[in-house]
Amino acid sequence: MAYVFTHAPGASIGRDDYVKGLQQFHDALAAAPPNGFLASWVWHVPEAGPVGSFEDWYLVEDWAALGALNAAAVTGSRKAPHDAVAPLAGAGAGGIYALAYGYPASDAGYRLRIDKPAGVPYSSFEADLLDLVGSWATVWKRQMVLGPDREYLVDAPSRPGRTLLGQPLTVAELRSVRSARTA
């Protein structure tokens, strides 16, 4: 399971200061991980997601671990780095995604955001999606959103095709900012 937070720095904040703050927070989280926390990373998505050009990814074991992460992010040794970077953010939105196919990876090259067209069964849509992106892709399916985003997030090592079931696709290039895993 992944909590994905899409965000942008505030209007008067420099990118380098923002990235440094994000890195410090993720370092603190990795150094003192809450129960059920598996990994975190940050991507810069120049083609901008729904509300910003940065994505924080937090992988957790289950819903209980998501609650533990939520509480732990603003307490203990993580509090100061969180409190330092949080006011630097502008717009933001989050979502919770379940792994539908593949393996979570902090080194994907491309991101595809897509919705299943109405009237198309999930099984055939997902089969067509996997044919398009290949067996090395990671497919995440939305469970809950806390702001605007699409039903599927697909991470792929190479740029996927331009259409799926007649739907034009927008593919974003991913640039790694920070990655951390627990032991």
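Select helix α1, residues 15–31. At 1.5 Å a residue, its 17 residues should span 24 Å, and the end C-alpha atoms are 24 Å apart, which agrees. The expected span is 1.5 Å times one less than the number of residues. Helices (H or I, at least four residues) and strands (E, at least two) are DSSP runs, numbered from the N terminus.

This is a predicted model, in which local features need pLDDT of at least 70, side-chain atom pairs count only at pLDDT 80 or more, and totals for chains, interfaces and linings use all residues. Residues are numbered from 1 along each chain as its sequence is written, and side-chain values use heavy atoms, with hydrogens and water left out.

Stay on α1 and colour its buried residues: Y18, V19, G21, L22, F25, H26, A28 and L29. Buried means under 20% relative accessible area, exposed over 50%, and partly exposed in between (1.4 Å probe, protein chains only). An α-helix has 3.6 residues a turn, so residues three or four places apart point the same way.

Next, the aromatic rings. The structure holds 7 aromatic pairs. Rings of Phe, Tyr and Trp (its six-membered ring) pair if their centres lie within 6.5 Å; planes under 30 degrees apart count as stacked, over 60 as edge-to-face and the rest as tilted. Select Y18 and F54: the ring centres are 5.4 Å apart and the planes stand at 75°, so this pair is edge-to-face. Y18 is in α1 and F54 in strand β3 (residues 54–60), so the pair ties together parts 36 residues apart in sequence. Y18 and F54 are both buried.

Move to W43 and W57, whose ring centres are 5.8 Å apart with planes at 75°, so this pair is also edge-to-face. W43 belongs to strand β2 (residues 37–44) and W57 to β3, so parts 14 residues apart in sequence are tied together. Both W43 and W57 are buried.

Now select Y122. The charged end of K141 sits over its ring, 3.9 Å from the centre, and K116 lies over the face of Y122 at 4.7 Å from the ring centre. The rule asks for NZ of Lys or CZ of Arg within 6 Å of the ring centre and within 35 degrees of the ring normal.

On a 1 Å grid over the protein atoms alone, a cavity is a set of points where a 1.4 Å probe fits but cannot get out, and a pocket is an open set with protein on both sides within 12 Å along at least five of seven lines; lining residues have an atom within 4 Å of a point. Grid points are joined across faces, edges and corners, and a volume is the space filled by probe spheres set on the points.

The largest pocket has a volume of about 420 Å³. Of its 19 lining residues, Y3, F5, F25, Y58 and H82 are the closest to the centre.

For the largest cavity, of about 40 Å³, select V4, T6, A93, G94, G95, Y97, P148 and D149. The largest share of this lining, 4 residues, comes from β4. A93 lies in that strand, residues 89–101, and counts as buried at 7% relative accessibility.
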